[in-house]
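This report looks at how parts of one protein chain pack against each other. Please keep the sequence and the structure in view while reading.

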Amino acid sequence: PLFRSRANTSPHLTQDGVDSMAAGSPLVNGCYDVVVIGNGPNAICLSFILSGNWPYIAGTKHLDLNLRLKLENEPKNKSVLELNLDNLSQDLEGRSDKPIGLLFDSLLRPEADLGSAFDSCLEWRHTPANQISHLVIGDAAPGGSWNQYPADVQALSPASWLDLPEYSFSSWLAMRQGKEDDRHSLKDIACYYQDYVHQTGIAENFSNFSTVTNVHSISTPVITDCCFLYDAEWSNECSMSDGEFADLLFPEEKGGALVKSNPTPSGYDFKIAISHKNSTKTIFAKNVVLATGVSGFPEKLGIEGENLPFVHHRFKTEVVVAGETILVVGSGLCAADAIRVAMNRGCSVVHVFRKRVSDPRLIFNEIPLQNYPEYETIFKLMRGKSTSPRYKAFAGHRVGSVTETKVCKVSGINGEKAVTEVEVSAVFVLIGGNADLGFLPDGLRQLGRDPGKPVNSRKNPIGVDVQTYRVQNVPNLFAIGPLVGDTFVRFGIGGALGVASALVKKLN
């Protein structure tokens with residue numbers, strides 16, 4: 001084996017008669033069956049399955065009757081990955097438009113929408129022979145964008161809806177003697193995702209703090225001398241130092257031995273350049289899975305002065321100073337979080353947003369606010385149902401320009417001539433983001449359903465086959481998570497099941 005795998009610590013993971021310590025890394029001369037770009041929770045779940053951890057039906061007692069009857073007609077000795085997912089996922093109802101996401105959620109969390117806490121219907125079996133060689137590449141720690149949020153912001157979803165297979169958030173919390181609650185901070189969730197890759201023994205498949213700079217389609221063998229072997233000893237500690245896993249791909253920084261590769265075998269369709277610590281390596285893949293999320297390029301207003309240094313498109317707590325006034329643009333949860341944090345720090349907030357407070361598309365009109373008191377407080381301020389001397393709302397308005405003297409001109413969106421000038425210390429434009437797919441060839445960057453617009457989770461997701469998550473009209477390219485409109489982890493990990501099932505059937 002090229003690597004020594006650490007033992008599986010998941011208490012429920014069964015072994016098919018093979019000690020996981022004997023299972024080597026799937027790395028073979030820098031050539032992989034699958035390369036996953038992005039290392040958020042959806043990518044982590046996919047790596048867990050590709051690492052030889054396959055789901056099997058363990059019981060159907062709490063399932064929908066129609067699904068239960070379908071499963072009775074499926075082979076009992078087959079993994080869910082090998083079953084007819086198209087048939088099983090038909091007619092399922094829920095909060096996602098992806099049938100595989102609904103199926104996976106039904107099996108993992110039976111009747112979760114009814115508030116039930118039934119045990120999973122799945123049993124996970126680890127079989128080294130079922131491993132599919134893969135590499136997960138991300139520019140941050142495992143968890144992706146979950147590592148970017150302020151520490152005092154709570155997750156919108158209940159913690160159990162953010163679980164990944166076999167090592168739950170509650171198990172992670174129990175190991176740290178934490179308090180069990182319905183909701184937890186985003187910092188806790190991010191740390192859980194970081195630990196998950198250690199606790200499930202999949203860390204060796206990750207190259208974190210690394211950036212994919214180019215993905216090229218290839219059709220002829222290429223010689224490369226970038227491949228290597230590195231015998232990695234993985235730590236059991238929870239916290240990871242920056243770049244710890246990235247050393248897997250860049251062994252010369254830790255004494256690994258470079259090994260010259262053979263010509264790339266036929267069937268490897270993608271040549272991928274990876275950058276880390278001013279070094280660049282090249283690998284090859286038969287399949288690529290896009291899992292980058294859509295926060296790469298924050299959306300902009302397109303107004304005069306937007307590029308001034310005090311105008312920010314991500315919330316930065318370090319520029320929020322007590323006693324000063326900031327302007328926040330946006331009506332989503334990120335804007336609400338920024339407002340709450342700023343006001344708690346003694347700032348005054350001018351809040352500008354285009355929607356009317358009665359707009360049914362407003363997120364606050366879609367969620368049960370009684371379950372989210374922090375957002376209920378902000379929405380009351382937005383509607384004028386409560387007041388604060390440090391908050392002023394401009395509903396149905398837009399920012400027309402920003403001057404170098406930090407004056408923002410605010411006007412109505414329906415042609416009102418009145419313009420209000422507001423002097424502030426900082427501006428935060430928090431109106432969503434678009435995917436950064438600049439590493440793809442020019443012809444593949446416009447993958448949204450509307451090719452002329454950037455990929456966006458709500459307005460322009462990537463078009464995929466809803467069973468396999470293959471990108472339409474692009475062989476061997478897949479996409480999962482927010483890129484295809486799955487913004488909730490609960491359903492986004494269904495993409496991991498769909499991709500893994502498609503790959504298992506294809507490679508077999």
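The model is predicted, so local features need pLDDT of at least 70 and side-chain atom pairs count only at pLDDT 80 or more, while totals for chains, interfaces and linings use all residues. Residues are numbered from 1 along each chain as its sequence is written, and side-chain values use heavy atoms, with hydrogens and water left out.

Leu447 is also, with Ile272, Leu290 and Ile462, among the residues that touch the most other members of the largest nonpolar core, which has 126 residues. Such a core is a set of buried Ala, Val, Leu, Ile, Met, Phe, Trp, Tyr and Cys residues joined through side-chain atoms within 4.5 Å, where buried means under 20% relative accessible area with a 1.4 Å probe, protein chains only. Another core, lying apart from this one, has 17 residues, among them Leu308 and Val352.

The table lists two strands, which are DSSP runs of E with at least two residues, numbered from the N terminus.

| Strand | Residues |
|---|---|
| strand 3 | residues 53–57 |
| strand 4 | residues 122–126 |

Four of the five residues of strand 3 are buried, so this strand is largely enclosed by the rest of the structure. Strand 3 pairs with strand 4 in the antiparallel sense over five bridges, pairing being counted if DSSP finds at least two bridges between two strands, and Asn53 has His126 in strand 4 as its bridge partner.

How values were computed
Buried means under 20% relative accessible area, exposed over 50%, partly exposed in between (1.4 Å probe, protein chains only).
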